[in-house]
Amino acid sequence: MTLFRKNLIDGEWVGEPGSRNINPSNTGDVVGEYASAGAEQARQAIAAAKAAFAAWSRSGPLVRHAVLRKASDEITARKDEIGRSLAREEGKTLAEGVGETIRAAQIFDFFAGETLRLAGELVPSVRPGVGVEITREAVGVVGIITPWNFPIAIPAWKIAPALAHGNTIVFKPAELVPESAWTIVDILHRAGLPKGALNLVMGKGSVVGQAMLDSPDLNAITFTGSVGTGKRVAAASVEHMRKFQLEMGGKNPLVVLDDADLAVAVDCALNGAFFSTGQRCTASSRLIVTDAIHDRFVEALKDRMGKLVVGDALDAKTQIGPVVDDSQLKQDEDYIAIGRKEGADLAFGGERLDRETPGFYLQPALFTGASNEMRISREEIFGPVASVIRVKDYDEALAVANDTPFGLTSGICTSSLKHATHFKRNSEAGMVMVNLPTAGVDFHVPFGGRKGSSFGPREQGRYAAEFYTTVKTAYTFAG
């Protein structure tokens, strides 16, 4: 019997089957059927969140702490089950799925602690006898729109701080990965959230997402996804004078200098460019390599790529799973064709692969002879495709690294403290890695970028309070 999951609106599970969730490792495997909300249900969810806000925003810290901690504990206890389900619906490897699930649990645990660390300031006024209190309060009803590439971690790092700071939520996950979203909502619902505090509206972005953008009753929207949709979120939010937070694309550089440890550099490139099938906004899609190490780096990277095991995400031996769906696979192949037409050399991979089960398998692709002006070097491909750009020295490497409309993350491999220090200061990215992959960040520190990659306050860690709260200054005259 096919699994069927409903939407959660005002504390009730509602909806009829509307979409099917397909395993990208085996297109004959249906993960389940899921309700697809319409515009009216989205409006009902917003109304429910609005009605629940007064009570939830004034709930005591121990109430919020208990809910978030219970959620963390259950996710931890079920990490293998949830991680397997995540890998099955998204296509990342089983190890990556379990790892992402553990990260979600850590995020809920961190923000459970934050409920007990909420603080303000008491400062003297310039006027005698007047006291000044500076406090943070919940923003209100928060709309959360998440992508498919991190089906449980990204919802966690948006939902957890929103609830910790007393906001109520309308949550619209990506259509491709509804099971992970449903699971996290079900866990929170059973952990003791009052009705209306968290509402799940699975459905089409053009319907549910648009209803959220059109609503004057959403006080804030946090969005992770494409640049184009992010601009629409921004425009609609300005119209309603609501807070908005955007995490969008990346075209992240990994600089490899002549003095780099070759093994470390290759590990960083392999992990950053191709793990999670390259479907990360933090992926290293531009490998900027100086002359003296270029040829050795390319040969060593090709050797390692040739040993990667591409296969079913649920197979423990698999290192690279399938692309998420046929549309994304077609986009990857189109960019590979564009790269060849532009004059780059396809040095390795780029072919569809057949496996025991029908799926969206692609051999990771490496271009050499690329320039920073090519489309494959400027546009986000969002797949296991990387380009090597040859440069003469550090100064040229830094200039090429910064020559991009994006600015999410960047990396450098070097044994030079001088160059590492200079790069950290002068890289035009929100996150900088030294001798580490550009992909892979901690859950308790700020996440976000510059330029076309991000807009608004940072996500994660204590910096999340900047988005999920509003500041109040109160004056008291004692008389």
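Reader: How far apart do the C-alpha centres of domain 1 and domain 2 lie?

Author: In this predicted model, the C-alpha centres of domain 1 and domain 2 lie 31 Å apart. The domain assignment gives residues 4-248 + 453-477 to domain 1 and residues 253-434 to domain 2.

Reader: How many salt bridges does the rule find across the interface of domain 1 and domain 2?

Author: The rule asks for a side-chain nitrogen of Lys or Arg within 4 Å of a carboxyl oxygen of Asp or Glu, and across this interface it finds zero salt bridges. Between domain 1 and domain 2 there are, however, 10 residue pairs in polar contact.

Reader: Why is one side of β6 and of β23 left without a neighbour in the sheet?

Author: Three strands form an open, antiparallel sheet in the order β6-β7-β23. β6 (121-124) and β23 (469-477) stand at the edges, each with a single partner strand, so one side of each has no neighbour in the sheet.

Reader: How do you know that β7 and β23 pair?

Author: Two strands pair if at least two bridges are found between them, and β7 (residues 130-138) and β23 pair over nine bridges, in the antiparallel sense. In β23, Val 471 is the bridge partner of Arg 136.

Note on methods:
Residues are numbered from 1 along each chain as its sequence is written. This is a predicted model: local features need pLDDT of at least 70, side-chain atom pairs count only at pLDDT 80 or more; totals for chains, interfaces and linings use all residues. Side-chain values use heavy atoms; hydrogens and water are left out. Helices (H or I, at least four residues) and strands (E, at least two) are DSSP runs, numbered from the N terminus. Domain bounds come from an automatic or database domain assignment. A polar contact is a pair of N or O atoms within 3.5 Å; within protein, one must be able to donate a hydrogen and the other to accept it, and residues adjacent in sequence count only if both atoms are side-chain atoms.
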